[in-house]
Amino acid sequence: MKKSALQRVRAEYQPKLPKELQGDVKVKFGEATNSVADQEAIKQLFPHTYGMPVVQFEHNDEPERVEEPFNVGIILSGGQAPGGHNVVSGIFDGLKKLNKENRLYGFLMGPSGFINHQYMELTAGYIAEYRNTGGFDIIGSGRTKLENPEQFEAGLKILKELNIKALVIIGGDDSNTNAAVLAEYYKNINAGVQVIGVPKTIDGDLKNDWIEASFGFDTACKVYSEVIGNIQRDCNSAKKYYHFIKLMGRSASHIALECALETQPNYCLISEEVLAKRMTLDNIVSSICYMISERAKLGWNFGTILIPEGLIEFIPSMKVLISELNEVLVNYASELESLSESEKLQAIQKHLSPANAELYSSLPDRIALQLSLDRDSHGNVQVSLIETESLLSEMIGKRLAEMARDGEYVGKFAAQHHFFGYEGRCADPTNFDADYTYALGYNAAMLINSGLTGYMSSVRNLTDKPENWICGGIPITMMMNMERRNGEMKPVIQKALVNLNGRPYLKYASMRETLALNTLYQYPGPIQYFGPAEVCDRPSMTLLLEHGKEI
Ligand code: FBP
């Protein structure tokens with residue numbers, strides 16, 4: 001395959017490895033741990049993997065070499081995130097450092113490759129083609145949910161056949177939840193297979209004190225911020241459009257918030273704030289219309305508005321509707337299956353409680369249908385398919401027309417719509433993500449070599465230089481709580497939503513009014529791989545602020 005000039009040069013980049021992982025490592029065990037909530041329930045569900053200590057690696061002056069070579073399998077799970085290929089390279093290099101005979105196998109197209117025994121051996125030559133590149137195409141990814149003993153047993157067969165002693169699952173909160181369940185199952189039956197998770201997702205919602213960031217967030221946000229900056233230049237040049245820009249991120253608004261800090265748009269909705277303030281769709285529309293009318297008074301009929309993908313799920317009345325819809329879609333699945341779109345709308349409405357049926361019928365049909373699409377395999381609403389950006393601009397357009405009729409608004413309103421998500425998920429990783437993912441992978445190999453299972457690879461102190469990053473592992477059960485999914489209470493990793501008392505949000509909130517009534521756009525420009533460190537190596541603003549730094 002012919003490579004671009006950047007691909008050729010970028011392939012030579014050697015990710016920086018934390019000092020602790022250079023040379024031989026030994027493991028230091030911390031205190032026993034507890035889950036973040038619902039301790040008794042989680043303990044009962046994970047009797048063999050609950051309460052394990054946090055571990056940290058240190059340099060080992062008296063290395064104990066592993067005598068026997070071992071094999072490892074990997075699965076890339078869920079949505080793509082920049083840096084996945086470097087996790088694979090890091091695991092590979094870590095394994096080879098431990099013993100040249102160690103082998104790495106990749107299961108194809110996500111968990112389904114594991115269950116159906118579709119795999120390939122990942123050799124040095126094959127991996128070389130993918131170092132420092134974006135995408136998950138090295139082995140493919142998928143969203144099959146690994147959840148039942150039949151699947152675990154089917155997977156165990158191939159693990160035994162290939163003499164694999166550990167499986168690494170590279171995924172988001174749901175996939176790492178599955179990793180914890182699988183680790184517990186294999187430990188319970190003495191299968192002799194370890195399971196290690198790696199925190200992946202552009203959404204940035206898999207984080208806590210020990211997992212400072214999920215990989216891919218940094219790169220994806222920088223890609224979106226570049227394009228938002230370009231739109232803002234265009235917008236400020238022609239001065240005739242309001243751009244409604246929806247940003248991926250599923251439930252959490254971390255991506256929208258980071259992009260707002262990077263680009264300083266006129267308005268950025270934060271779903272978590274909408275929920276906390278119990279805002280209605282009408283409140284949101286009013287507040288944006290107010291900004292538009294105030295800008296019009298200054299002679300400005302243009303602006304940029306960022307919308308987090310999951311907004312609709314956070315509007316309290318919508319949240320109630322969605323949770324009832326979830327149950328209706330499960331309970332009446334066979335009845336709904338064969339219906340046409342309009343019949344489906346009517347049938348769903350009939351099964352909803354009166355208040356929800358009223359709200360459901362007040363939505364434009366296409367939005368109601370988008371809300372009623374099948375949930376993904378983890379029970380999540382597929383928010384990327386809901387056109388919130390056009391729903392909002394339609395409602396705003398109508399409201400402004402009413403305001404104009406009543407003499408409350410004098411201006412012109414024309415809207416453009418954008419949705420940025422897929423554009424950034426497979427970008428070549430930034431230096432930060434390239435280094436972070438390589439370290440996460442290398443670290444995962446060390447966790448395996450230490451005989452651990454049910455752990456997530458953890459690399460911390462991320463705003464410092466990569467040499468000073470702190471490496472180790474955190475028991476996955478420590479991050480879990482009980483949540484209702486598909487109508488049942490399930491143990492899941494607690495999602496990290498935007499913290500309304502956290503510095504990233506407070507920083508944006510402090511600028512909000514000024515940004516709405518001025519035009520103070522920032523233009524971050526494209527990701528740079530070569531040049532001054534402040535341009536090429538700066539982590540996300542979210543991470544800097546969370547670490548007490550200034551931006
Ligand atoms: P993960 O949670 O698997 O990392 O996926 C993230 C994401 O990009 C979300 O932001 C988005 O809502 C979803 O995937 C889209 O799913 P799909 O790739 O199936 O269209």
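**Close-up views of a predicted model**

View 1. At 12% relative accessibility, Ser390 counts as buried. Buried means under 20% relative accessible area, exposed means over 50%, and partly exposed lies in between, using a 1.4 Å probe and protein chains only. This is a predicted model, where local features need pLDDT of at least 70, side-chain atom pairs count only at pLDDT 80 or more, and totals for chains, interfaces and linings use all residues. Residues are numbered from 1 along each chain as its sequence is written, and side-chain values use heavy atoms, with hydrogens and water left out. Ser390 belongs to helix H18, residues 388-405. Helices (H or I, at least four residues) and strands (E, at least two) are DSSP runs, numbered from the N terminus. Leaving out residues up to four places away in sequence, Ser390 touches Arg366 and His417. Contact means heavy atoms within 4.5 Å.

**View 2. Ser450 sits in a loop.** The loop runs between H20 and strand E12 (455-460). Is Ser450 buried or partly exposed? Ser450 counts as partly exposed, at 29% relative accessibility. Beyond its neighbours within four places in sequence, Ser450 is in contact with Val27 and Phe57. Lys26 is 424 residues from Ser450 along the chain, yet their C-alpha atoms are separated by 8.1 Å.

**View 3. The largest nonpolar core has 76 residues.** A nonpolar core is a set of buried Ala, Val, Leu, Ile, Met, Phe, Trp, Tyr and Cys residues joined through side-chain atoms within 4.5 Å. Leu104, Val168, Phe215, Tyr224, Leu247 and Tyr436 touch the most other members. Helix H20 (residues 431-449) gives the largest share of this core, 11 residues.

**View 4. Tyr224 and its contacts.** Which residues does Tyr224 touch, not counting residues up to four places away in sequence? They include Ile202, Leu247, Met248, Ile255 and Cys259. Phe420, Gly421, Tyr422, Glu423, Gly424 and Arg425 are also among them.

**View 5. The whole protein, for orientation.** The secondary structure comes to 23 helices and 15 strands. The radius of gyration is 24 Å, close to the 24 Å that the globule rule gives for 551 residues, so the protein is as compact as a globular protein of that length. This radius is taken over C-alpha atoms, and the rule is 2.2 Å times the number of residues to the power 0.38. Of the 551 residues, 58% count as buried.
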